[in-house]
Amino acid sequence: MRFPVWRVGVFIAAAVWPLFWLYEALMNSLGPDPGKVLVDRLGLGTLILLLITLSMTPLQKLTGWAGWIAVRRQLGLWCFTYVVLHLSGYAAFILGFDWSQLGVELSKRPYIIVGALGFLGLLALAVTSNRYSQRRLGVRWKKLHRLVYLILGLGLLHMLWIVRADLKEWSIYAFIGAVLLILRVPPVMRRIPRLLGRKVASATKA
Ligand code: HEM
């Protein structure tokens, strides 16, 4: 396996947050509604991990370092783990496992439907993230995994619906998402390393 230390480092960096938040909850340092704080942090963690996962390919193209791609799948699976924890937190702390309330909840908080669609998308990507599915699906695998941009859009819409009054933080994530999307447009993707190469060359000349 290539980049073992880097891979383990990424594993630890992703695993440590939910454990730390759980510790904070057990220490009563998450305020009067720790369940809601946990759900919010895990939701935000999901979105951030999605953006980090999506930045691996552009970073590889920009730097030429294969280590970015070596951790891409792991990061995608962490994103899925966070969303499962986010959803479980919602079921436990907000719904109280009272499924009869789900109908009322969906009409009271329609953004949950958008989140649920995002979750189903992430589930499809996680289930097909292995080499076997990649081989079996062939070209369709790439098409399926382009769903990730739709999932990002759903995640951003889900968050926008929740934080409507305060758009500052949301705008940062939306901006990063838009930049990542633009970087994936093939002509842009092809041009960037060349542009960087030119810059580096002129800097050395100067
Ligand atoms: C079935 C799936 C989902 C359910 C039931 C769900 C539910 C929730 C709930 C109840 C909240 C807290 C709302 C509040 O503060 O009043 C929330 C917040 C959030 N969720 Fe989800 N969600 C789901 C999927 C997702 C997905 C797929 C993403 C990201 C890709 C996501 C990202 C977020 C974010 C960013 C927040 C806001 C956190 C904050 O305000 O700091 N959620 N979600």
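Hi everyone, one definition before we start: a residue is called buried when its relative accessible area is under 20%, exposed when it is over 50%, and partly exposed in between, using a 1.4 Å probe and protein chains only. Isoleucine 69, at 29% relative accessibility, therefore counts as partly exposed.

Now some ground rules. This is a predicted model, where local features need pLDDT of at least 70 and side-chain atom pairs count only at pLDDT 80 or more, while totals for chains, interfaces and linings use all residues. Residues are numbered from 1 along each chain as its sequence is written, and side-chain values use heavy atoms, with hydrogens and water left out.

Let's begin with the overall picture. The protein has 11 helices and 0 strands. Here helices are DSSP runs of H or I with at least four residues, strands are runs of E with at least two, and both are numbered from the N terminus. The C-alpha trace spans about 65 × 40 × 40 Å along its principal axes. Of the 206 residues, 34% count as buried. As for contacts, meaning heavy atoms within 4.5 Å, I can give you one figure: among those between residues at least 6 apart in sequence, 64% join residues at least 24 apart.

Next, the ligand. Where does the ligand sit? It sits in the second largest pocket. The word "sits" requires that more than half of the molecule's atoms lie within 2 Å of the grid points of the cavity or pocket. Those points come from a 1 Å grid over the protein atoms alone: a cavity is a set where a 1.4 Å probe fits but cannot get out, whereas a pocket is an open set with protein on both sides within 12 Å along at least five of seven lines, and lining residues have an atom within 4 Å of a point.

Which residues are closest to the ligand? They are Lys36, Asp40, Gly43, His86 and His158, out of 23 residues that surround the ligand. To be near it, a residue needs one heavy atom within 4 Å. That shell divides into 13 nonpolar, 7 polar and 3 charged residues.

Lysine 36 places a polar side-chain atom 2.7 Å from an oxygen atom of the ligand. For aspartate 40, a polar side-chain atom is 3.0 Å from a ligand oxygen atom. Histidine 158 has a side-chain N or O atom 2.9 Å from a nitrogen atom of the ligand. Two or more shell residues come from each of α2 (34–63), α4 (72–94), α6 (111–127) and α9 (147–163).

Serine 55 is buried because its relative accessible area is 17%. A polar atom of its side chain lies 2.6 Å from the backbone oxygen of isoleucine 52.

Over in α4 we find alanine 91. Is alanine 91 buried or exposed? With a relative accessible area of 9%, alanine 91 is buried. Leaving out residues up to four places away in sequence, alanine 91 touches Gly96, Phe97 and Trp99.

Phenylalanine 97 itself lies in the loop between α4 and α5 (102–108). Its phi is near 55°, a positive value in a residue other than glycine, and at 52% relative accessibility phenylalanine 97 counts as exposed. Asparagine 28, in the loop between α1 (4–26) and α2, also has a positive phi, near 60°. Asparagine 28 is exposed, with a relative accessible area of 67%.

Finally, back to isoleucine 69, in helix α3 (residues 67–70). Which residues does isoleucine 69 touch, not counting those up to four places away in sequence? The answer is Met56, Thr57 and Gln60. From threonine 57, 12 residues apart along the chain, the C-alpha to C-alpha separation is 6.5 Å.

Notes: Polar contact = N/O pair within 3.5 Å; in protein donor to acceptor, adjacent residues only side chain to side chain. Nonpolar A, V, L, I, M, F, W, Y, C, P; charged D, E, K, R; others polar.
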